[in-house]
Amino acid sequence: MPELLTLPLRRLPASLLNGLTIGAGLLLLTAGIFPTWGASAAIAASSGYGATSVADVVCPPRGKALAMLFAVLGVTLVTALVHLAHGQAWATAAVVLGVTFAALLWSAWGKRGLPQSFAMILTLIFQMAAARAGSSEPAAQIAHVAWVAVGAVAMAGWAVLTNRWLAPRFRVLALADSLHNLSRMVRTQAAWTRDRATPDASRSAQRDLLALIRQQAALADVFQSARDLIYDGAAEAADPQRRRQVDTLIHVINLRDVILACQLDIDELHPAPATRSALLKVAGFLSWQADQVATWSTCLRLGLPVPHAPAPPVLLAPDDDRPLQSLARRAHHLRAHGEALRTALLGDLPGPHPQAEGLRSLISPTGWSLAPLRRQLNWRAPTLRYALRATLAMACALALSRVLPWHSHPHWLLLTVAVVMRGNLEQTLARRDARIVGTIVGCALGFALLALHPGFAARFGVLALSMAVAHAYVVRDYRVTTTAAAVMALVQANLFAASGHPVWQDVAERLADTLIGAAIAWGFSYVLPAWEKGQLPGLVRHLRHAMGRYGHHVLQWQESASPLSERTQTRREVYDAIWLLAQALQRTAREPGYAGSWSPQLEALLIRSHRLIGLLAVVRIVLIHRREDLHTPTAMAAVQLGRERLRACLADADVPPPEKSPDMPIPEVLDTGSMQGLPAPHGDPTPWLAHRLTQIEQEARAWAQAAHEIEQRR
């Protein structure tokens, strides 16, 4: 691809680039159908195209065709059902409620199932509007369904083609986004480190640390999206650039662990003048590193050469301050990893040939097994409750639409309910606010546009542009999506099914339906709720198992005892679980008081998890980079003992870790319990290793206790 991209296009994010291809496809489809088959055929095909386009998201080519096939089948089936039931109130109600319930069950497959869900909902809304405006003759209805299917198939084919064409660009953008988000995290950590140097830092220490943890946890989703795009097919590809991209992403993800290790011990330092001065220097170094990573991201996105890095700030620690010396050494490791990342970006030679099985294990599944759906088919499952709750809300909206004094666009009320109500209260409230704000802005823009009385071609162009923008920003900023959707709705009402009354009446109806629909969705969020307290024990158990497996793989003396692919997989599971817990903490803050406050327990567990994986990262650095300096018999025994004690601590909060294994030698170098009594960090690392292993055991005990409090609470 891609040499055709000009500099302005290179600045576009992947979602907007994908949205523009969708808008361009709509224009091509309309231009191909309208001259020969007329406006009604073009309108029907565009509705099928628009609904199916919801399933066209940025993803690897593998699995794209199957996902689009499901969307085509869903759009065509819902269209046929709506027109079959048209004119029969009870049949229409049954179709609306049945489609809503079935569509929302797609959310059982998580993030990749949501586009399928909304494609069916959007088809339901579009075709209810088309049925009201179209002919009731069977032949006309059959022709309409056929043209909708043509538009859906055209969208699916266009999506597969453009996805393959844009795949190289999507991979570059995924890598650039990973670097960009990593630079933001390092910048936040620099600010956090700088704040620790202030005299009153203790007042906001936990709040600031939690904000940092949330940002670090959010990287899990960014990195996973990059893995899906970059690892897919990389092992089989002959292109050296693909291998370099894999190597670069691995360096980016490893750099996160080193950055995490640079946070250890900072919140335990004594507030002496020398300490504050050293922390300010560390903060300056982190800011410098963040600037470098941000520069690399920009160069990669725009296709520019990576510039030479300026000299980093000098980090010096007092000779008699072991914690500060340790921190300075970890910053040195961070600089070395940063240089390795820069070398990978500059590399003219291909990276090491990746193992196919190892890469496949890190990619999100693309199959559609029924197992996720079966797990949600029980009374307490969040997905089933969400589907039932939304179906009841749609039933209320459908009944209300038949008694309201305006009847031109009853489907607008249903659409608002469907898009505002989410699976949890926190997302519903965010959607409610964004929907109202975006609708107000969009109605103002749509009214101003239609007041100019644009021609048919101009209105279709606005429709295509609105669809592209709405699709591009649905995840980035839903207010923009809602603004574009409001413009698109008003243009559609004027273009496809002119109501015969002034545009301002359509605007008033759109605003009223939005306010009423948002209120209905908000109110029904308290019906059959699935509060976070019901999901927390399972999330904690998942994190416990993931943390135990990750610790087992990290605390291995021999590299062969822990394959890289398995260690990477368990690390990803830990970060994913922490991300889910961070999201749960955010959601519980918006839940009503009677749902119970879990914030203190969740905050404690997140902080403990953060420290534990940071300690494991430090130990891993020692075992990889300073293995030759360790006293082998002592270090080997200490690592084995540490692994057993970590396993015992994470097995159950009430099980004390063993003092020693009968067949395990006692390490000759024991931890003194104080960093100040350790040798200089550049000397023998064995006492430092023993100290970190002791810290891991202590932190694992505290982690297990925090997890036990959540698992046992009802």
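Accessible areas in this report come from the Shrake-Rupley method with a 1.4 Å probe, and for residues only the protein chains shown count as cover. On that basis the accessible surface of the protein comes to about 30300 Å², of which 62% belongs to carbon and sulfur atoms. The structure is a predicted model, in which local features need pLDDT of at least 70 and side-chain atom pairs count only at pLDDT 80 or more, while totals for chains, interfaces and linings use all residues. Residues are numbered from 1 along each chain as its sequence is written, and side-chain values use heavy atoms, with hydrogens and water left out.

**Overall architecture**

The protein contains 24 helices and zero strands, where helices (H or I, at least four residues) and strands (E, at least two) are DSSP runs numbered from the N terminus. Of its 714 residues, 55% are buried; here buried means under 20% relative accessible area, exposed means over 50%, and partly exposed lies in between (1.4 Å probe, protein chains only).

**Nonpolar cores**

A nonpolar core is a set of buried Ala, Val, Leu, Ile, Met, Phe, Trp, Tyr and Cys residues joined through side-chain atoms within 4.5 Å. The largest such core has 111 residues, of which Leu182, Tyr231, Leu581, Leu689 and Trp703 touch the most other members. Helix H22 (residues 599-625) gives the most to this core, with 14 residues. Because domain 1 (178-198 + 212-353) and domain 3 (532-653 + 681-712) both give residues to the core, it lies between them; the domain bounds come from an automatic or database domain assignment. Not counting residues up to four places away in sequence, Leu182 touches Leu219, Val252, Leu255, Arg256, Ile259 and Val293. Apart from this core lies another, of 82 residues, among them Leu29, Ala42, Ala67 and Ala464.

**Salt bridges**

A salt bridge is taken as a side-chain nitrogen of Lys or Arg within 4 Å of a carboxyl oxygen of Asp or Glu, and by this rule the count comes to 18.

| Asp56 | Lys64 | 2.6 Å |

Glu697 lies in helix H24 (residues 686-712) and Arg645 in helix H23, so the pair ties together parts that are 52 residues apart in sequence. Both Glu697 and Arg645 are buried. Salt bridges that share partners also join Arg256, Asp257 and Arg571 into one network.

The pair Glu644 and Arg647, by contrast, sits within helix H23 (residues 632-651), where the two residues are three apart, about one turn of the helix. Glu644 is partly exposed, with a relative accessible area of 28%, and Arg647 is likewise partly exposed, at 49%. Thr632 is also found in helix H23 and counts as partly exposed at 35% relative accessibility. The C-alpha atoms of Thr632 and Thr686, 54 residues apart along the chain, are separated by 8.7 Å.

In the remaining tabulated pair, Asp56 is buried with a relative accessible area of 1%, and Lys64 is buried with a value of 2%. Lys64 is 99 residues from Asn163 in sequence, yet the two are 8.1 Å apart in space, C-alpha to C-alpha. Asn163 lies in helix H7 (residues 138-196) and is buried, with a relative accessible area of 3%. Leaving aside neighbours within four places in sequence, Asn163 is in contact with Val57, Cys59, Pro60, Pro61, Lys64 and Phe170. The side chain of Asn163 reaches the backbone oxygen of Cys59 at 2.9 Å.

**Asn424 in a loop**

Asn424 is found in the loop between helix H15 (410-420) and helix H16 (425-450), and at 14% relative accessibility it counts as buried. The side chain of Asn424 reaches the backbone nitrogen of Glu426 at 3.3 Å and the backbone nitrogen of Gln427 at 2.9 Å. Beyond neighbours within four places in sequence, Asn424 is in contact with Glu532 and Arg587.

Methods
Contact = heavy atoms within 4.5 Å. Polar contact = N/O pair within 3.5 Å; in protein donor to acceptor, adjacent residues only side chain to side chain.
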